[in-house]
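Take a look at the model below.

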Protein chains: 2
Amino acid sequence: MPAYKAPLRDMNFVIHELLEAEKIFQTLPSYEEATEDLIGAIIEEGAKFAEEVLSPLNQSGDEEGCSWSEGEVTTPQGFADAYRQYVENGWPSLSANVESGGQGMPNLLSSVINEMAGTANWSWLMYPGLSLGAVNTVEAHGDAEQKDSYLKKLVTGEWTGTMCLTEAQCGSDLGLLRTKAEPQADGTYAVTGTKIFISAGEHDMAENIVHIVLARLPDAPAGTKGISLFIVPKFKVNEDGSLGEHNNVHCASIEKKMGIKASATCVMNFDGATGYLIGPPNKGLSCMFTFMNTARIGTAIQGIAAAELAFQNSLAYAKERRSMHPLSGPKSAEHVADTIINHPDVRRMLLKQKAIAEGGRAMLYDAAMLADRTAYAIDEKELSEIDDKLGFLTPILKGFFTELGIEAANDGMQVFGGHGYIKEWGMEQIARDVRISSLYEGTTGIQGLDLLGRKVILDGFKQFRAYNKRIRSFYTRYIFSSAYRWKMLRFIWPLIAYQLRWYIVLLTILLKARKNRDAVGVSTYDFLMYSGFMTTAFYWAMMAHKAMEKLDKGGDEPAEYYRAKIETATFYFERMLPRAKAHAAIISGSLESVVALDEADFSFE
Amino acid sequence: MPAYKAPLRDMNFVIHELLEAEKIFQTLPSYEEATEDLIGAIIEEGAKFAEEVLSPLNQSGDEEGCSWSEGEVTTPQGFADAYRQYVENGWPSLSANVESGGQGMPNLLSSVINEMAGTANWSWLMYPGLSLGAVNTVEAHGDAEQKDSYLKKLVTGEWTGTMCLTEAQCGSDLGLLRTKAEPQADGTYAVTGTKIFISAGEHDMAENIVHIVLARLPDAPAGTKGISLFIVPKFKVNEDGSLGEHNNVHCASIEKKMGIKASATCVMNFDGATGYLIGPPNKGLSCMFTFMNTARIGTAIQGIAAAELAFQNSLAYAKERRSMHPLSGPKSAEHVADTIINHPDVRRMLLKQKAIAEGGRAMLYDAAMLADRTAYAIDEKELSEIDDKLGFLTPILKGFFTELGIEAANDGMQVFGGHGYIKEWGMEQIARDVRISSLYEGTTGIQGLDLLGRKVILDGFKQFRAYNKRIRSFYTRYIFSSAYRWKMLRFIWPLIAYQLRWYIVLLTILLKARKNRDAVGVSTYDFLMYSGFMTTAFYWAMMAHKAMEKLDKGGDEPAEYYRAKIETATFYFERMLPRAKAHAAIISGSLESVVALDEADFSFE
């Protein structure tokens, strides 16, 4: 069974040493309490919960799966009880706003807790995780009554929430959605339609479920401009706050899936269900979009979590399993075969997983801190600026780290050889579970389009330039005037070269797009991947620099951690970053190589 | 449910037009009958069997899986019946030697039949597929009596066979194996030990199972030099050929796996089972090695099969599913959204799957024809020469095309978006099933070591140079003096450039290895992948050239097929081959970036 031990040392390094989080938190109102000690205590509690409560339910949850009977969904044994503890310990409200009943702690902290919970048991995390969209929606767009009825219970976790977007005929293209909402005499709406892929749409873990449903008013314009949001609770809420009758919303079935089997993926039938309009009519999609970043960053965690879990378990196996000697000769004279960690090719796979998990963690926490700053922006201008910065990082985090997380999980399996394919070891579960991450919350293709289309080109390259400026100011300010000039050279040179190529790649696409805009579409994937390798290199360079500083300062900390950090950075730069070159080379390929083939000629019998 | 339609047009192109198989077959004794007509008729029959009998059992087989009860294994419904038809129609003996009761048809034909059967239902193919090792072993090393007792029934498929190599403590490192064989007074041996991962070790499809077991004699030297081969039949065979008592070999359990669930992966207990020594004592491993190529090429088929099946089904979906418009604008005015095949990023994924399936097919058939030539080598020298050629291609085919097959299956899922994750569509099954292919029959790491270590360096670069000569003679002889000089330039230039880099990459490794032999080990994966991209480029260039010739000749053939071939070649060269650059760049990285990190410092809590 895969074991999970929260990598507290690395988490603390990123939070306190790399990002110097509390220094920044203390400049934000209401975050003053987020001292290093408090943050440390909360994370340790969270680690304990993840390791001791959630992790043991991961494999059994996969084996058991969810079951459906007459509209009711039963989650695997232990899931509901773990959720009860989660609510009792106040985890759901950790970083919710104080006025909504939350504890007002930084988002960063929630991300850390989610990372640990999700690494231990991603399927389980889906239940509380999906509430976030509902909380955000009610908080931002609900009226006083709606907040009173729904928000507090969602924040405490007594109730959970869902986002009901997808329908059978429409996934990313929400303009095609058909669910309708007809106004009733009492001011409510009768919501009718079928939604699919609704995670946590039905379960046995909370007494009520608050669905946020995308639907069309009768007079709504076609396409995405005619979508409104509705609150549709599973049980109607009486005026005194008690639960009333069951609404006309039912779970028709749950999907059989490749993985995350303990997470109920529901087909939800709304059959004239009572709904309450939330936010302005026909503006549903733009209301939704404000939370898109949060949801997508949440999904990025899944990639990082898979890399971490695969790494921890394949590392343990590689230190125990013996097979042959490396070509340089036996490493232990007393054994007929060496442990496989001595084989360079196995080390390559271990270091890759490590570099993905730790690189992703750094970028994730950096993004989470941006999210914290949006909450306390002094004016709209600052808000939108920070939001744009976050918007730029989001598709990279989501797209790149889910793709790399899938790779890492497969590398973890690969270290186990044939045993990796056997359920008992749990490695194949990691690979199956994480496979969804590049599909939901917008496929990698959608992330690529979002990055290159919206966040770079339609943004007028503002955030692209701003991020590059940040990279430049890192290597000019810290490096060329620092004591680490020479030691850092092996990171700085590639950083400069790949950064230059990032511009060239973008220019190449833009030039081609002048002739045919599909030149953008054909390069979205490769541009996304290039951007991922590039930005991750930046975080690895920063981490290496920080580790060098810490090493020189000496102190109580064992030096091994910092040395390992520098060596992993070296691995990343020498053995992962070069993959960006392939993406750049592919972008220089012709559009015709992809679009010339006639649809009818793709196959012949 | 994923459908399968045998790509007969493409198979015929490779067999008759690209490789001109019958011209070559007619120079080989006993293959004269392999005329284009006969080959065509056999392939069409095989296609029908794959499409109509095997394909419908693929998804149900996955759902049902195998079940174990008191040593007996029940295969999914329909499997045994399909096997009965397979035997009745004489498929097992198709390319077996005439003197062993076979039909003596070319190996190429078996590869084609296996490709079709395996694409339709890989789990099913594992049952007859695994017999091959046993057939080869008895044929090459069995005495007259052993041949009489076992070979004919194996060849007809009435009985199936297994290869019992792996034990819990030893996979690739067979030197660690512990199963022992003690000589008995009657000349037999008592075989005792536990073997794991025995595919088709027990099932309900044939009346007897012939296990070829690797074990140690009491006085055997340690390590790989003390391994002998034994025939251990499930039921002992009486002198008159009838079946006697059940031998002391039993299936203790079957594994729960990520995929190929309809294939029984057995733990086999040998408890003083009666075994018969086959081949010279202590030479078991070298006896085995002669068939390693065949078994590994068999596994390569799985990667190609997955790419083909994923391609066919994601193509069909991409032509039906509608979502948004490409950036260049709507393609069909009457619909609010275009079919997703119009999105360049979806096309990219489709073309990638196509390029892998068709490129792999060309290399596979080329290798199968080499295997045919080994059967009729005029002397030992020619035999060993052809065998070496095949040996060079084998790890590339196995390592590269299983890795790329896994990618292709994932791309196929990705085209389906969230639906790809749902069992109903069958795409996730392809991804789960093919995942084993880079793990069994030697992991990708082992293939890389085999290629770079044994087949390139220890071979003294003979086959590496010979293959490169073949590439050079293609582009010099055919191109620079052909009418296609200019049209072929876009393939020939990269071919020359990547070929040059192939040499440089190898030289780089060799220079580093002079200081530390681990420089070989650290580069095995990237060298393998580089070699895969390089050799596949060669096949794509040859196919493009052949298609140009055919296009010019005109004739009855519709031109679309050839144009599609050229356009897919263009896609491969512009959008896949550049990935080789990344592998080359990674090889130039330092050994220290992988081996410097102390084992103890890989992780910190």
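Chain A holds 21 helices and eleven strands; these are DSSP runs numbered from the N terminus, helices being H or I of at least four residues and strands E of at least two. This is a predicted model, in which local features need pLDDT of at least 70, side-chain atom pairs count only at pLDDT 80 or more, and totals for chains, interfaces and linings use all residues. Residues are numbered from 1 along each chain as its sequence is written, while chains are lettered from A and ligands numbered from 1 in the order in which they are written.

How is chain A built overall? Its C-alpha atoms fill a box of roughly 80 × 65 × 60 Å along the principal axes. The radius of gyration of chain A is 25 Å, which agrees with the value near 25 Å for a compact globule of 605 residues. That radius is taken over C-alpha atoms, and the globule rule is 2.2 Å times the number of residues to the power 0.38. Of the 605 residues of chain A, 59% are buried. Buried means that 20 or more other C-beta atoms lie within 10 Å of the residue's own, with C-beta atoms placed from the backbone; exposed means 12 or fewer, and partly exposed is in between. Among contacts in chain A with a separation of 6 or more, 74% join residues 24 or more positions apart. A contact requires C-beta atoms, placed from the backbone, within 7 Å.

Now the pair. The same surface serves both copies, as 100% of the contact residues of chain B recur in chain A.

How many residues of chain B are in contact with chain A? There are 88, and they meet 89 residues of chain A. Helix 19 (residues 559–575) of chain B gives the most to this side, with nine residues.

Finally, look inside chain B. Eight of the eight residues of helix 7 (residues 122–129) of chain B are buried, so this helix is largely enclosed by the rest of the structure. Among them are W122(B), W124(B) and Y127(B).

Notes: Two residues are in contact if their C-beta atoms, placed from the backbone, lie within 7 Å.
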